[in-house]
Amino acid sequence: MPPPLAESHFLLHPLVPDNIAHNVRVLSNIRSISALLLGIAAGILGLESLAGFGFYFISQQLISSLFWFILIENDAERYFAGNVVPKGSANTKSVEGREGKRTGAWRDVWFGGGLFTEGLSGFVLGWAGVGGVIR
Amino acid sequence: MSVFSRTLLVLGLLSLFHAAYSAHEFSAIATKLHVKPDLPMDIKLETLTAVVLACFGLVLGSEPLRPIAWNVWAGNIEKEGGAANPFRALEERSNYVDIRAKRREFAEWAKGGGGVVSSE
């Protein structure tokens with residue numbers, strides 16, 4: 001039985017775990033610090049309920065685009081793992097179909113780095129704290 | 001972190017603090033006068049500019065990313081050499097040093113006046 005696609009792909013094209021962890025850490029650092037700043041800004045602006053969360057997600061996407069064009073330079077697969085899909089057709093009998101390629105690393109950039117976890121909680125902390133102190 | 005990005009970050013933080021103080025003063029006066037107007041436009045603009053500046057500084061000043069594919073990363077290590085190489089212990093084994101060759105190299109270097117040699 002041939003090994004699963006992802007496994008054989010990583011045997012042929014190994015990745016450096018330290019560097020993956022380093023890149024994810026850089027992204028989540030940016031996200032958590034900027035989320036706190038965004039929370040303070042939302043508190044100053046006096047945003048409420050959905051407007052505040054909308055502000056958070058839109059601003060984080062702007063930060064993602066800065067990250068994408070300044071640090072990644074439009075080549076996400078170079079810095080983030082993504083997942084393995086069959087190269088060419090899905091026919092696993094052909095060599096091409098068995099080899100596979102990495103794709104979908106953009107998800108790690110635009111939605112990763114703790115966007116919904118650490119970032120969001122930092123944002124709510126800054127938002128509620130500053131909003132309460134100022135008014 | 002370069003000077004430029006740090007300046008942006010500090011400028012953004014100071015400006016954000018200033019906007020927060022302005023908003024606080026405004027709300028204190030508004031409470032005293034028993035009116036509830038919107039925040040003035042200049043405070044809003046200052047807040048948004050401050051946060052954009054700070055985020056820009058943050059992204060510019062973050063550590064450079066490292067390529068994750070082993071072949072790309074190994075190429076970088078080869079180019080830079082030195083301590084980053086994880087196989088350095090294998091490549092430079094003192095037990096296998098060719099001491100005669102090293103001696104000859106040194107003699108030539110000493111004869112040539114002992115200047116700086118470009119490593120080849």
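The questions and answers below concern a pocket and some backbone and surface features of a predicted model. Local features need pLDDT of at least 70 and side-chain atom pairs count only at pLDDT 80 or more, while totals for chains, interfaces and linings use all residues. Residues are numbered from 1 along each chain as its sequence is written, and chains are lettered from A in the order in which they are written.

Visitor: Which helix gives the most to the lining of the largest pocket?

Guide: A pocket here is an open set of points on a 1 Å grid over the protein atoms alone, where a 1.4 Å probe fits, with protein on both sides within 12 Å along at least five of seven lines, and lining residues have an atom within 4 Å of a point. Helices H2 (17-45) and H7 (118-134) of chain A and helix H1 (3-32) of chain B each supply at least two lining residues, helices being DSSP runs (H or I, at least four residues) numbered from the N terminus. The most, 4 residues, comes from H1(B).

Visitor: Is A:Ser49 buried or exposed?

Guide: A:Ser49 belongs to helix H3 (residues 49-72) of chain A, and its phi is positive, about 40 degrees, although it is not a glycine. Most residues other than glycine have a negative phi. Buried means under 20% relative accessible area, exposed over 50% and partly exposed in between, with a 1.4 Å probe and protein chains only. Because its relative accessibility is 53%, A:Ser49 counts as exposed.

Visitor: Where does A:Glu73 lie?

Guide: A:Glu73 also has a positive phi, of about 55 degrees, without being a glycine, and at 56% relative accessibility it counts as exposed. Its place in chain A is the loop between H3 and helix H4 (76-79).

Definitions and conventions:
Heavy atoms only, no water.
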